[in-house]
Amino acid sequence: MGNTIHSELTYKTTPERLYTTLMNSDEFKDATGAHAKIDACAGGAFSLFGGEIEGMTVELVPNKRIVQAWRANNWNAGEYSIVRFVLKADGDQTLLVFNHIGFPEEYEEDLRDGWEEHYWSRLRNYLNN
């Protein structure tokens, strides 16, 4: 499981707002339109998209970095990947540097499409308006 997805995206918002949107259950739901339960602390569990995605937050550096042990509910029991969001202020925008590593190879295309459809485009619509 050495696969990697890397993205660099810019949003018209502050790192604080993007961080809150990713780590607050209500904000995440408002942005994505999907049910979320997020315990926003290191070691806290999360469940996104009505339980389709679940995991645990490994590390938080407020407004700068989020690292999560992340899995889709159709993966084999005990299979987790690592998701890392790094937020960097860039003038009046925020650069999001994203890496998803260690996921089962057979899901790479679905994951790439899912990040774009369920995260990046929805965050863009929510934050850039």
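Aromatic pairs come to 14 by the rule used here, under which rings of Phe, Tyr and Trp (its six-membered ring) pair if their centres lie within 6.5 Å, with planes under 30 degrees apart counted as stacked, over 60 as edge-to-face and the rest as tilted. One of them is formed by F28 and F49, an edge-to-face pair at 5.5 Å centre to centre with 75° between the planes. The structure is a predicted model, in which local features need pLDDT of at least 70 and side-chain atom pairs count only at pLDDT 80 or more, while totals for chains, interfaces and linings use all residues. Residues are numbered from 1 along each chain as its sequence is written, and side-chain values use heavy atoms, with hydrogens and water left out.

**Aromatic rings**

- F85 belongs to strand β6 (residues 81-90) and F98 to strand β7 (residues 93-101), so the pair ties together parts that are 13 residues apart in sequence; F85 and F98 are both buried.
- One aromatic cluster is formed by F28, F49, W70, W75, F85, F98, Y107, W115, Y119 and W120.
- The charged end of R71 sits over the ring of Y80, 5.5 Å from its centre, the rule being that NZ of Lys or CZ of Arg is within 6 Å of the ring centre and within 35 degrees of the ring normal.

**Nonpolar core**

- The largest nonpolar core has 34 residues, of which L48, W70, F85, W115, Y119 and W120 touch the most other members; such a core is a set of buried Ala, Val, Leu, Ile, Met, Phe, Trp, Tyr and Cys residues joined through side-chain atoms within 4.5 Å.
- Helix α3 (residues 108-127) gives the most to this core, with six residues.
- Leaving aside neighbours within four places in sequence, W115 is in contact (heavy atoms within 4.5 Å) with I5, W70, V83, F85, F98, H100 and W120.

**Strand pairing**

- Strand β1 (residues 4-11) pairs with β7 in the antiparallel sense over eight bridges, two strands being paired if DSSP finds at least two bridges between them, and I5 has H100 in β7 as its bridge partner.
- Strands β6 and β7 pair in the antiparallel sense over nine bridges, with K88 standing opposite L95 in β7.
- β6 and β7 form a hairpin with two residues between them, and G91 in the turn has a positive phi of about 65°.

- D30 is placed in helix α2 and counts as exposed, because its relative accessibility is 51%.
- D30 and R122 are 92 residues apart in sequence, and their C-alpha atoms are 9.6 Å apart in space.

**Overall picture**

- The protein has three helices and seven strands, following the pattern β-α-α-β-β-β-β-β-β-α along the sequence.
- Buried residues make up 45% of the 129 residues.

Key:
Helix = DSSP H or I, 4+ residues; strand = E, 2+ residues; numbered from the N terminus. Buried < 20%, exposed > 50% of the residue type's maximum accessible area, 1.4 Å probe, protein only.
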